[in-house]
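Visitor: I have a structure to look at and have not seen it before. Can you walk me through it?

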Amino acid sequence: QVQLVESGGGLVQAGGSLRLSCVASGRSFNTYYMGWFRQAPGKEREFLARISTSGVGTFYADSVKARFTISRDNVKNTLYLQMNRLTFEDTGLYYCAAGPAIATPARAMNAGEYSYWGKGTQVTVSS
């Protein structure tokens with residue numbers, strides 16, 4: 001139903017900022033709540049943020065709430081993650097995820113609560 005392609009990753013110095021994008025295929029983007037996850041080598045996939053279908057409701061992991069902002073543009077079929085004050089601990093492969101086409105859950109912190117996944121974009125934070 002939907003294909004996701006992340007972009008915007010790269011190498012950034014500690015303290016810097018980066019904005020990730022995730023472009024979704026199809027014309028039903030506004031029926032899916034969306035989320036961002038990340039995974040570092042040797043670690044489990046970590047939930048970062050979730051946004052409702054309309055873009056009004058957001059929910060963040062405590063670890064990134066003060067620094068990251070999730071947003072979406074339903075006209076452009078694009079999801080964003082603005083990341084500020086990055087540290088080495090933010091290094092990892094960042095994934096966007098979508099769906100299913102149901103009412104947005106209160107949290108949706110588990111990978112099993114999403115139906116579609118991108119292949120990820122690498123974020124590397126240097127000192």
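What follows is a chat about the sheet, the disulfide, the salt bridges and a few single residues.

Visitor: Before we start, what kind of model is this?
Guide: This is a predicted model.

Visitor: Okay. Which strands make up the open sheet, and in what order?
Guide: The open sheet has four strands, in the order β1-β3-β8-β7, and the pairing is antiparallel.

Visitor: Which strands stand at its edges?
Guide: β1 and β7 do. Each has a single partner strand, so one side of each is left without a neighbour in the sheet.

Visitor: By how much are neighbouring strands turned against each other?
Guide: On average by 15°, with direction ignored.

Visitor: How many bridges hold β1 and β3 together?
Guide: Four bridges, in the antiparallel sense. Glu 6 stands opposite Cys 22 of β3 there.

Visitor: And β3 with β8?
Guide: β3 and β8 pair over six bridges, also in the antiparallel sense. As an example, Val 23 has Thr 78 in β8 as its bridge partner.

Visitor: Back to β1. Which way do its side chains point?
Guide: They alternate along residues 4–7.

Visitor: You mentioned Cys 22. How many disulfides does a search of the whole structure find?
Guide: The search finds one disulfide. Cys 22 and Cys 96 form it, with their sulfur atoms 2.0 Å apart.

Visitor: What does that bond tie together?
Guide: Cys 22 lies in strand β3 (residues 18–24) and Cys 96 in strand β9, so the pair ties together parts that are 74 residues apart in sequence.

Visitor: What is a disulfide, in general?
Guide: A disulfide is a covalent bond between the sulfur atoms of two cysteines.

Visitor: Is the Cys 22 and Cys 96 disulfide right-handed or left-handed?
Guide: The torsion about the S-S bond is about 50°, so this disulfide is right-handed.

Visitor: Is Cys 22 buried or exposed? And Cys 96?
Guide: Cys 22 is buried, with a relative accessible area of 1%. Cys 96 is buried as well, at 0%.

Visitor: New topic. How many salt bridges are there?
Guide: The count comes to three salt bridges. Arg 38, Glu 46, Arg 67 and Asp 90 are linked in a network of salt bridges.

Visitor: Which residues does Asp 90 pair with in salt bridges?
Guide: One partner is Arg 38, where the closest N and O atoms are 2.8 Å apart. Asp 90 lies in the loop between β8 and β9 and Arg 38 in strand β4 (residues 34–39), so this pair ties together parts that are 52 residues apart in sequence. Asp 90 also meets Arg 67 in a salt bridge, at 2.8 Å from N to O. Arg 67 is in the loop between β6 and β7, so that pair ties together parts that are 23 residues apart in sequence.

Visitor: What about Glu 46?
Guide: The side chain of Glu 46 meets that of Arg 38 in a salt bridge, at 2.9 Å from N to O.

Visitor: What else does Asp 90 touch?
Guide: Leaving out residues up to four places away in sequence, its contacts include Phe 68, Arg 85, Val 123 and Val 125.

Visitor: Val 123 and Val 125 are in which strand?
Guide: They are in strand β11 (residues 121–126), on its covered face along with Thr 121. The uncovered face has Gln 122, Thr 124 and Ser 126.

Visitor: Which strands pair with β11?
Guide: β2 (residues 10–13) is one of its partners, running parallel to β11 and joined to it by four bridges. Leu 11 stands opposite Thr 124. β9 pairs with β11 in the antiparallel sense over three bridges, and there Tyr 94 has Thr 121 as its bridge partner.

Visitor: Last one. Is Lys 65 buried or exposed?
Guide: Lys 65 is exposed, with a relative accessible area of 53%. Its place is in the loop between β6 (58–60) and β7 (68–73). The C-alpha atoms of Lys 65 and Ala 49 are separated by 8.3 Å, and the two residues are 16 apart along the chain.

Notes. Residues numbered from 1 in each chain as written. Predicted model: local features only at pLDDT ≥ 70, side-chain atom pairs only at ≥ 80, totals over all residues. Heavy atoms only, no water. Contact = heavy atoms within 4.5 Å. Helix = DSSP H or I, 4+ residues; strand = E, 2+ residues; numbered from the N terminus. Buried < 20%, exposed > 50% of the residue type's maximum accessible area, 1.4 Å probe, protein only. Pairing = 2+ DSSP bridges. Disulfide = S-S within 2.5 Å. Axes fitted to C-alpha atoms, helices over the stretch in contact; angles between N-to-C directions. Salt bridge = Lys/Arg side-chain N within 4 Å of Asp/Glu carboxyl O.
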